[in-house]
Amino acid sequence: MEPGITILQTLATLLPEAVKRRFNILVHYAIPRRERLVQHATENLVIEVLIQPLVSTVRQCVKNLLASFTKHRHIIHVGYTLSGSGDWLLQDGTFSVDDFIDLASDYDVQRIVRAYESSISMDITCSPDGYWMGETLQQNPKTKGLK
């Protein structure tokens, strides 16, 4: 297998076109940095898997998730992190709790959060290092509506 290509990527490329169309599976390549985005969407579920993403891609996908009408959201980070802060190491930089709070402060995100304040839940699964697992997100007024 070529470096940087995961089992998920390999499986997605082996799927027949009919299956990809039926389940709305898109595989995007961003060359030359080898960033990948695998998407799956139905009426009840939206999945985006970012593989070796750039900071701009993570920011856009997280903002889209936060501004969506989905009542329950999951963010799972399984990559490298900086010890101490827990910032996620990406191809061209880092993504921090402060970046997440900045995105949660966006007008469109806050409009959705206020509209569904009592029913939106969010799970963030990542390294227990740093501020992701602490009270930083729970006590910030911009992320309080995301339980």
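Me: A salt bridge is a side-chain nitrogen of Lys or Arg within 4 Å of a carboxyl oxygen of Asp or Glu. How many salt bridges does a search of the whole structure find?

Reply: This is a predicted model, in which local features need pLDDT of at least 70, side-chain atom pairs count only at pLDDT 80 or more, and totals for chains, interfaces and linings use all residues. Residues are numbered from 1 along each chain as its sequence is written, and side-chain values use heavy atoms, with hydrogens and water left out. In the whole structure, the number of salt bridges found is three.

Me: How many helices and strands are there in the chain?

Reply: Helices (H or I, at least four residues) and strands (E, at least two) are DSSP runs, numbered from the N terminus. From that end, the elements run α-α-β-β-β-α-β-β-β-α-α-β-α. The totals are six helices and seven strands.

Me: The side chain of Asp 99 meets which residue in a salt bridge?

Reply: Asp 99 sits in helix 4, and its partner sits in helix 3, 40 residues apart. The N to O distance is 3.7 Å, and the partner is Arg 59.

Me: Is Arg 59 buried, partly exposed or exposed?

Reply: Buried means under 20% relative accessible area, exposed over 50%, partly exposed in between (1.4 Å probe, protein chains only). Arg 59 has a relative accessible area of 25%. So Arg 59 is partly exposed.

Me: Asp 102 and Arg 59 also meet in a salt bridge; what is its N to O distance?

Reply: Asp 102 lies in helix 4 and Arg 59 in helix 3, so this pair ties together parts that are 43 residues apart in sequence. Asp 102 is partly exposed, at 45% relative accessible area. Between the side chains of Asp 102 and Arg 59, the N to O distance is 3.0 Å.

Me: Which residue meets the side chain of Lys 63 in a salt bridge?

Reply: Lys 63 is in helix 3, and its partner is in the loop between helix 4 and helix 5, 43 residues apart. Lys 63 is partly exposed, at 27%. The N to O distance is 3.4 Å, and the partner is Asp 106.

Me: Which residues is Val 62 in contact with, leaving aside its neighbours within four places in sequence?

Reply: Contact means heavy atoms within 4.5 Å. Val 62 is among the residues with the most contacts inside the largest nonpolar core. Beyond its sequence neighbours, Val 62 is in contact with Ile 75, Phe 95, Phe 100 and Leu 103.

Me: How many disulfides does a search of the whole structure find?

Reply: A disulfide is a pair of cysteine sulfur atoms within 2.5 Å. Cys 61 is buried, at 12% relative accessible area. Cys 126 is also buried, at 13%. Across the whole structure, the number of disulfides is zero.

Me: Is Thr 57 buried or exposed?

Reply: Thr 57 lies in helix 3, residues 55-66. Leaving aside neighbours within four places in sequence, Thr 57 touches Glu 35 and Leu 50. Because its relative accessible area is 17%, Thr 57 is buried.

Me: Where is Gln 52 found?

Reply: Phi of Gln 52 is near 50 degrees, a positive value in a residue other than glycine. Gln 52 counts as partly exposed, at 36% relative accessibility. Gln 52 is found in the loop between strand 3 (46-51) and helix 3.

Me: Is Tyr 80 buried or exposed?

Reply: Tyr 80 lies in the loop between strand 4 (72-76) and strand 5 (88-90). Its relative accessible area is 66%, so Tyr 80 is exposed.

Conventions:
Core = buried A, V, L, I, M, F, W, Y, C linked by side-chain atoms within 4.5 Å.
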